[in-house]
Amino acid sequence: MKINFDKSFWFGTSTSGPQSEGWKNKKNDNIMDTWFKERPEDFFDKIGPNIASNVYSQYDEDIQMMAKIKLNSFRTSIQWSRLINNFDTQEINIDAVKFYRDYFEQLRNKNITLMVNLYHFDMPQILQDRGGWENKEVVDLFVKYATKCFELFGDLVDYWATFNEPVVPAEAGYLYKWHYPFISDLKKAVQVGYNTILAHSKTVKVFHELFKNDLNKKISIILNLTPCYPKTNKEEDVKASHIVDLFFNKSFLDPVIKGKFPIDFVKLLKSENLLPECNRDELKIIRENIIDILAVNYYQPRRAKARDTQFSGPLMPEKWFETYNWPEARINPYRGWEIYPRTIYDIAKDIKDNYNNFPWFISENGMGVQGEEKFVKNGIINDQYRIDFIKEHLYWLNKAIADNSNCLGYQIWTFVDCWSWNNAYKNRYGLVYLDLETQKRIIKESGYWMKKMIENNNMFELTNEEVEKYESIK
Ligand code: BG6
């Protein structure tokens, strides 16, 4: 069977500033930098973001390599803590402006469509000390920073995103203590989530005012959608699964596309006295400023069932559900995440049926593998598992497009193996291998597979056995 994508389809990769650039010429710390400086033992092999993949100095080489593989799109982020020297006066770092301008210009020269994101979990430490996303003053400072970015780089960048995975700072930093500042407080997490949406909508408003005469300019938000499947079709499991969706998906998806929070979610928060501090003017801004295009990161679904036991302890979303471990799940053993490509089709269908077939694209999908050096053959990493992973996801995406989903592209996480928070370089995701000692880049088999597929007019073939296998996994 031939799997074919349109000529204009975006095939590319994504990364973020804090995970790729390194600290060279960076004057302010973000919370991830502080976390590493304070507790290096929390990071795999005690590797921090200080060098990362040295993109600050090697971006030109990476862009040449992207062009060689024929990738036509790329996403990265500007680091707030790099661009701004003084958050009150908005004084900017001239080195940062030079760096980002040259980086973006070189991508443009290679006809690589660039998406620039403004925030990837990287709150400047000085602003975290003032309360971070709990503080509405920080919301307004973010909008000022975003405005600066549009003014400084708007001539070079058409596609912008406000936030990557805004649910993550709320859940990881304010609920489950996975990330700095290690707080666990559902009421605060709700306020953090709400304030992020407010910052997003205010930014969208400024963007549309600034670029109202330029139809090529589009703004988006990157959501990590994790649709939840109930254990059974019994009412109580379906209800549990619906609540998971409200907390982790719809609470962000609805306001950015529909301009309002899901009514069931508002009711639930109200019943527990969890509603965030908000006012009519803010809600009006959220209502009136929706995105132009949606970016979706997809790694794994969620699975839930009704609670078997009474919930106890401080209030958490788990009061309303239990995670269900599906016995047939295929798990990536290195990352511990379920591999379930069919969800891509379900996401596309949800966007088509419930969000008026809104334009969207996959902005992250990928497979993190530990110890890839053991797969080296003839000097390159033979990552057939990653090629199989990509093929199966593209099969479902292609099927969704055939059923009229308005999907514009597919970006793999990531181009060159990058640093990843406390997992550091444990799991590698890249199409290109990074030698941490020398910073040398070597294209993996998956990179060559992408090149071949793109050169073949965005087409690859699947055997009947492969298609039967994909379809048999329900
Ligand atoms: C995404 C994030 O959710 O997952 C990235 O946007 C992250 O920043 C990626 O690196 C992979 O996750 P991890 O934890 O395996 O590195």
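Colleague: Quick one to start. Which residue in S12 is the bridge partner of Lys 305?

Modeller: Glu 322 is the bridge partner of Lys 305. Keep in mind that this is a predicted model, where local features need pLDDT of at least 70, side-chain atom pairs count only at pLDDT 80 or more, and totals for chains, interfaces and linings use all residues. Residues are numbered from 1 along each chain as its sequence is written, and side-chain values use heavy atoms, with hydrogens and water left out.

Colleague: What counts as a strand, and when do two of them pair?

Modeller: Strands (E, at least two residues) and helices (H or I, at least four) are DSSP runs, numbered from the N terminus. Two strands pair if DSSP finds at least two bridges between them.

Colleague: In which sense do S11 and S12 pair?

Modeller: Antiparallel, over two bridges. S11 covers residues 302-305 and S12 covers residues 322-323.

Colleague: And how many bridges link S9 and S11?

Modeller: Three, in the parallel sense. S9 is residues 228-230. Tyr 229 has Arg 303 in S11 as its bridge partner. Pro 230 stands opposite Ala 304 in S11.

Colleague: In what order do the strands of that sheet run?

Modeller: S9-S11-S12. The sheet is open, has three strands, and its pairing is mixed. S9 and S12 stand at the edges with a single partner strand each, so one side of each has no neighbour in the sheet.

Colleague: New topic. How many residues of S3 are buried?

Modeller: Five of its five residues, so the strand is mostly covered. Buried means under 20% relative accessible area, exposed means over 50%, and partly exposed is in between (1.4 Å probe, protein chains only). S3 is residues 73-77.

Colleague: Which of its residues point which way?

Modeller: Ser 73, Arg 75 and Ser 77 point one way, and Phe 74 and Thr 76 point the other way. In a regular strand the side chains alternate between the two faces of the sheet.

Colleague: Which strands does S3 pair with?

Modeller: S3 pairs with S2 (residues 10-14) in the parallel sense over three bridges. S3 also pairs with S6 (residues 113-117), again parallel, over five bridges. Thr 13 has Phe 74 in S3 as its bridge partner. The bridge partner of Arg 75 in S6 is Met 115.

Colleague: Is Glu 364 buried or exposed?

Modeller: Glu 364 counts as buried because its relative accessibility is 4%. Its side chain makes a polar contact with the side chain of Asn 297, at 3.0 Å. A polar contact is a pair of N or O atoms within 3.5 Å; within protein, one must be able to donate a hydrogen and the other to accept it, and residues adjacent in sequence count only if both atoms are side-chain atoms.

Colleague: On to the ligand. How many residues surround the ligand?

Modeller: 14 residues surround the ligand. Gln 19, Glu 165, Arg 335, Ser 420 and Tyr 429 are the closest.

Colleague: Which atom of the ligand lies 2.8 Å from Gln 19?

Modeller: An oxygen atom, and on the Gln 19 side it is a polar side-chain atom. For Arg 335, an N or O atom of the side chain is 2.5 Å from an oxygen atom of the ligand. A polar side-chain atom of Asn 423 lies 3.4 Å from a ligand oxygen atom. The protein covers 92% of the 380 Å² of accessible area that the ligand has on its own. Accessible areas come from the Shrake-Rupley method with a 1.4 Å probe, and for residues only the protein chains shown count as cover.

Colleague: Which residues does the cis peptide bond with omega of about 5° join?

Modeller: Tyr 180 and Pro 181. Pro 181 lies in the loop between H8 (167-174) and H9 (186-210). Another cis peptide bond joins Trp 413 and Thr 414, with omega about 20°.

Key. Near = heavy atom within 4 Å.
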